[in-house]
Amino acid sequence: MRILLIAFAAFILAACSSYPSMSTSSPTKTTDGVLTNAGGMTLYTFDKDAAGSGKSVCNGPCAANWPPLMAAADAKAGGDYTIVVRDDGSRQWALKGKPLYLWVKDTKPGDRTGDGFNNVWRLARP
């Protein structure tokens, strides 16, 4: 019975370690050369955000149309990923200093309708 419990515990530990946590330093995945969130939705950057400034300039109505890729309270930055604190105090993921956003008009994974919008929104690429 003891060996069975040890084997079961090892199985559970292995299974859990194979799933990435959003609180790690890799909050995105790459799909067809473009960054996406965990649900496969396309991510974008905003040309008006200054890389490395530690903040997002897309707030209020802008953020309603371009929802930030939010970082959990326990999320830890690492590698090329950092966390910026938004004007409202919430936390947002950034890649190479550029905050990451979704676009409300993308309705399903694979949509990329925000690329080039107003000539200031770009597909986020690794």
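Q: Between which strands does the loop with Asn118 lie?
A: The model is a predicted one. In it, Asn118 belongs to a loop that ends at strand E7 (121-123). Asn119 is placed in the loop between E6 and E7 as well. The strands on either side of Asn118 are E6 and E7.

Q: Is Asn118 buried or exposed?
A: A residue counts as exposed over 50% relative accessible area. Asn118 has a relative accessibility of 60%, so Asn118 is classed as exposed.

Q: What is the phi of Asn119?
A: Most residues other than glycine have a negative phi. Asn119 is a residue other than glycine with a positive phi. Asn118 also has a positive phi, near 50°. Asn119 is exposed at 56% relative accessibility, and its phi is near 55°.

Q: Which residue in the hairpin of E4 and E5 takes a positive phi?
A: E4 and E5 pair in the antiparallel sense over five bridges. Five residues lie between the strands of this hairpin. The one with a positive phi near 90° is Gly89.

Q: Which residue of E5 is the bridge partner of Val85?
A: Strand E4 covers residues 81-85 and strand E5 covers 91-95. The two strands are antiparallel partners. Val85 is bridged to a residue in E5, namely Arg91.

Q: How far from Arg86 is the nearest side chain of opposite charge?
A: Arg86 sits in the loop between E4 and E5. Arg86 is buried and has no salt bridge. A salt bridge requires a side-chain nitrogen of Lys or Arg within 4 Å of a carboxyl oxygen of Asp or Glu. The nearest side chain of opposite charge belongs to Asp88, at 4.5 Å.

Q: Which side chain is joined to that of Arg86 by a polar contact of 3.0 Å?
A: Leaving aside residues up to four places away in sequence, Arg86 touches several residues, including Cys58, Asn59, Met70 and Tyr101. Ser56 is also among the residues touched. The side chain that makes the polar contact of 3.0 Å with Arg86 is that of Ser56.

Q: How far apart in space are Pro27 and Ala75, C-alpha to C-alpha?
A: Pro27 is in the loop between helix H1 (2-17) and strand E1 (29-31). Pro27 counts as buried, because its relative accessibility is 1%. Pro27 and Ala75 are 48 residues apart in sequence, and their C-alpha to C-alpha distance is 9.0 Å.

Q: In what order do the elements of the protein run from the N terminus?
A: The protein has two helices and seven strands. Read from the N terminus on, the order is α-β-β-β-α-β-β-β-β.

Q: What percentage of contacts between residues at least 6 apart in sequence join residues at least 24 apart?
A: The protein has 126 residues, and 35% of them count as buried. Among contacts between residues at least 6 apart in sequence, the share that joins residues at least 24 apart is 61%.

Note on methods
Residues numbered from 1 in each chain as written. Predicted model: local features only at pLDDT ≥ 70, side-chain atom pairs only at ≥ 80, totals over all residues. Heavy atoms only, no water. Helix = DSSP H or I, 4+ residues; strand = E, 2+ residues; numbered from the N terminus. Buried < 20%, exposed > 50% of the residue type's maximum accessible area, 1.4 Å probe, protein only. Lys, Arg positive; Asp, Glu negative; His and termini not counted. Polar contact = N/O pair within 3.5 Å; in protein donor to acceptor, adjacent residues only side chain to side chain. Contact = heavy atoms within 4.5 Å. Pairing = 2+ DSSP bridges.
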